[in-house]
Amino acid sequence: MRLSDLLPGQKGIIVKVRGRGYFRKRIMEMGFVYGQEVETIVKAPLQDPTQYKVMDYEVSLRESEAELIEVVTEGEINIYSQERHHHFDKVYDGYRRSFYHSLVTDSDKLLKIASEQRHIINVLLVGNPNSGKTSLFNVAAGKHERVGNYSGVTVNAKEGRIKYKDYIFNLVDLPGTYSLSTCSPEEVCVRKQIFESPPDVIINVVAASNLKRNLYLTTQLIDIDASMVIALNMYDELKKSGDIFDHEHLAEMIGCPIVPTVARLGRGIKELFDKVIEIYEGKSSIARHIHINYGTEIETEIQHIKDVICKEDILGRDISRRYLSIQLLEYDKIAEMTIQHSPNINEILAERDIRAQYIENDFRENTETVFANARYGFIRGALKETYQKGKNDRLRLTHLIDRIVMHKFWSYPIFFMLMFIMFECTFSFGRYPMKWIEWIINRMDEYVEIYMMDGALKELLVNGIIGGVGNVILFLPNIIILYLFISLMEDTGYMARAAFIMDKLMHKIGLHGKSFIPLVMGFGCNVPAIMNTRVIEGYSTRLITMLINPLISCSARLPIYILLIGAFSRNYGGLILFLLYVTGILLVVLMSLLFKKFLIKDENLPFVMELPPYRLPTWNAIRRHVWSRISQYLRKMGGIILIAAIVIWFLEYYPQNEKRNQYYERKITKLVLQAGSEEQISYIRMQQNEEQKRNSFIGCIGCFIEPLVRPLGFDWKIATCLISGIPAKEIIISTLGILYTNAKNGNSSLKQCLQMELDTNGNPVFSPSKTLSLLFFVLLYFPCIATIASIKNESGKWEWALFAVGYTTLLAWIISFVIYRVSSLF
Ligand code: GDP
Ligand code: MG
C-alpha cells in the first residue's frame, strides 16, 4: 500500500520510492529508503500534511509525496500470504511459506515481505511495431503470443511473469508504436501504460535493422526520463549486413545500457535482464539522465515554460517537467489534460502559446515538425559517430521479391494463385491424415459396439460422443494445413504486401489497406480478426471491417465444406472450396460498398504501413503456431463441442415411445421367424430410427423451423443442424453425425451416410443443388456466438452485433434461395 494510506499509529516498512528526479532524491535523503520502518504519528486537520516517524525523528510529508512511497504493513502479512498463494510460482511459494514459519517477530516478517516486494520488478516492453517485442516476451516469459512479420500483430497489453536470479519480473508486452504523441490508439495505449502504472524499468526494443526510425521513440523515452534499457534486437540481421555499429559508444552517449539480442533465437536475453536488474538497483555505471539537445532557440523556450510549470510544486512529481514543457509546445492533448487541475493552467497555456509562436516564427514550421526534425537531427548526429553502413545490401532479396509480387499486373494473379494453392492443399493433403484418424475412430466405435451392453449409455457413447465429436476431430489436419499457410504468409512478411496491393482496391470499397489484414486473419478465426481491427485508425472504417468480417469464412466452417463437397463432388473439391471463399470475399466488397453508402460516414485515412524485409520463419515459430492451433482445436472439442453433442444426442434420443418400440420389435421378431433377410431387418430398424428421430425433441424443433428454410431445399434435419451451429459452426457436423448415421448403414462414414440419405420420394437429400445451397448458407448465416460477442466488445454497442446477426442471416437466405432455384434448373 501507499504510505499515504497508513492511519495514525500504524507502522510499515518501505518497499519502494517511486517518483522521479529531484522529488525522489529529496524524499530519500530524508531517510525514506527501502527497508526502513515508518510510523504515522498524526495527520493534520485537513489530512495534509502528515507527520511521520522515520529513523527516530519526525518528518512531515504532503499527501502527494507520501503517495509515492510504497510500504507493507502488519495487516498485510496475512492477506499477503493468502492472496499471493494463487499468484506466485509454486516453488517460490513453498519457499516463502516455510520462511514465514521460521520467522519470529512481526517486524522480521514485515522486512521479509518488503524485501520480497522489492524483488518484484515491473517491466514494460516498448518499441516500434515489428521490432520483435512479442518475440522477446515469448522467449523470456515462455508464452505463445502471436508474432508476425508485419505491424499491428499485438493489439492489447499482455502480461507474463519470469523468475530470474532473485527477482520476479512482471513483464508487459505492448502494441508497437512509432512515437509517444497521441494520434493512434496504440500510442495512447502505450502512453497510458507508461504514465498510469509507471513501470520500474522500460525495455525499449529497437530493431537494429532500422536504427534511425526506431531511435526516434527512444529520444522521446529519454525526454520522459524513464529508467530504461535498450534491447538492440535483430542483431543477427545487423551482423549479416556487415554494418558496423558501436553500440557501447552510443550507450555512453545517451546514458542508457544497450544490449544486443536476437529475440527469436533467445540470444542475449539473460544479459538484457542482468542490465534491467542493474538499472533497478541503481548500480548501472552507464545510466545517467541526459537531455536531448534541441538547439539554443528551442531550449530557451522550453526553459521559459518550465519556469512557469515549476511554480506549481505538484506538476513534475511523476512526470518530467522538461518533457511536459516539450509536450505542451507540441500541443499534445494529454499533456494539456495533465495540467488541467493546476491553478495556474491559464498562465502556463498563455506562456506556451507565446513560446510556440516564437518557435514557429523562427523555423517557419509548426512546433511538432520542428521537434521531430530536431530529434532526427540528434539521431543523425549520434549515428554518425557510431554507425557505419556495410557493403552488403541486406534488402536486395527483399527488393527482388517485391519487384515480382508487387508488380503492377502480376501482383493480383500471384495473390489469387497463392490463395488457390492454399485451398487446394487444404482440401487435398488433408485427406490422408484424415483417413488415419477415421480408422482410429472406427476402431473405438467397434470396441464399444462389441463390449458394451445395449442401452442408452451405449447409444450416447456411439452416436453422441464418438459420432458427434469424432466426426469433427477428423478435420483437424485440414485446419492445421490452412493455418500453416496463413502463418507462413504472416511470418515471411507477405501479408504486409498483400495489404499493400489491396489498399487501392480496399479504398475503392471504402475500406483501408489495414482492413485487409483482419480480413485475411478471418480465414483462421473471426474472433482475433475482429480484435485486430484495432490497428485501423478511423472508427467508421473499423466498424465496417468488423461487420463484414463474419462473411470471411473461418476455419470452423471448413470441415462442413469439406464434408459436403466430398459427399457430392469427387474432382472439383479444391475449386468449389476456392469459389466459396471467393464468394465470401465478393460479398465483403458488396456489403462494404452498401455500408459505406447508407450506414456510415466517409473517412479518408492515409495508408501508412511498413513493408518489413522478408524473413524466413523459424521452425520454432511454425511449431508454436501449429501447436497452439491443435491444442485450441482439441480444447474446443473437449469443451463446447462435446457438451453440444451430448445435448443434441439427448434431444434426439428422448422421449422414447415404448409402444412404438414394442411394435417394431414385434415386427422384427416376426420377420426373423419368417426367415427374412438381413436387408429387410435393417430396413425396419431404419424406419424405427427415423420415426424416433422425427418424434424426438429435436425432431419437433426441426419441424417447427423447417417451413422457414424449405424454400432453400432444406428438410427438418438440416434445419436442426443449422440451429445447432449457432454456438459454434463445428456443431453442425456433430449434429449431422447424430442425425444421419443410423443402424442401417452400419460402419459407413458420415460422408457415405450423407450420400445414401434419401428423402420421402426416394431422391438423394444431398443432391448437388441442395448441397450447394446449404454450403452457401453455412458460409454466410449467423456468425458464431464468440464472434458476435467480440463485435459487441469492439464496437461498444449491442446494436451492431445484432445487426451483424440480422444482415448475415438475411443475406444467407437470399443467396441460398437464388442458388437453389438456379441450380435446380440444370
Ligand atoms: P512486435 O511487433 O514488436 O511484437 O514484433 P514480433 O515479435 O511480432 O516480431 C516481428 C518479426 O520479427 C517476426 O517475423 C519475428 O520472427 C522477427 N524477429 C523477431 N526477433 C528477431 C530477431 O532477433 N532476429 C530476426 N532476424 N528476426 C526477428
Ligand atoms: Mg507484438
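Reader: Before the sheet, what makes two strands pair?
Author: Two strands pair if DSSP finds at least two bridges between them.

Reader: OK. How many bridges join β3 to β4 here, and which way do they run?
Author: This is a predicted model. In the model, 5 bridges join β3, residues 50-54, to β4, and the two strands run antiparallel. Within that pair, Q51 stands opposite S60 of β4.

Reader: What's the strand order in the sheet?
Author: The order is β4-β3-β2-β1-β5, an open sheet of 5 strands with antiparallel pairing. At the edges are β4 (57-61) and β5 (69-73), each of which pairs on one side only. From one strand to the next, the twist averages 40°.

Reader: Switching to the ligand. How many residues surround ligand 1?
Author: Ligand 1 is surrounded by 21 residues, and the closest are N130, G132, K133, T134 and S135.

Reader: Which polar side-chain atoms lie 2.7 Å from an oxygen of ligand 1?
Author: An N or O atom in the T134 side chain is 2.7 Å from a ligand 1 oxygen. S135 also has a polar side-chain atom 2.7 Å from an oxygen of ligand 1.

Reader: And what about the backbone of A263?
Author: A polar backbone atom of A263 is 2.9 Å from an oxygen atom of ligand 1.

Reader: How much of ligand 1 does the protein cover?
Author: On its own, ligand 1 has 590 Å² of accessible area, and the protein covers 96% of that. The elements giving two or more residues to its shell are α6 (133-141) and α9 (235-241). The largest share, 3 residues, comes from α6.

Reader: How does the shell divide into nonpolar, polar and charged?
Author: The shell around ligand 1 has 5 nonpolar, 10 polar and 6 charged residues.

Note on methods. Residues are numbered from 1 along each chain as its sequence is written. Chains are lettered from A and ligands numbered from 1 in the order in which they are written. This is a predicted model: local features need pLDDT of at least 70, side-chain atom pairs count only at pLDDT 80 or more; totals for chains, interfaces and linings use all residues. Side-chain values use heavy atoms; hydrogens and water are left out. A residue is near a molecule or strand if one of its heavy atoms lies within 4 Å of it. A polar contact is a pair of N or O atoms within 3.5 Å; within protein, one must be able to donate a hydrogen and the other to accept it, and residues adjacent in sequence count only if both atoms are side-chain atoms. Accessible areas come from the Shrake-Rupley method with a 1.4 Å probe; for residues, only the protein chains shown count as cover. Helices (H or I, at least four residues) and strands (E, at least two) are DSSP runs, numbered from the N terminus. Ala, Val, Leu, Ile, Met, Phe, Trp, Tyr, Cys and Pro count as nonpolar, Asp, Glu, Lys and Arg as charged, and the others, Gly among them, as polar. Axes are lines fitted to C-alpha atoms, for helices over the stretch in contact, and angles run from 0 to 180 degrees between N-to-C directions.
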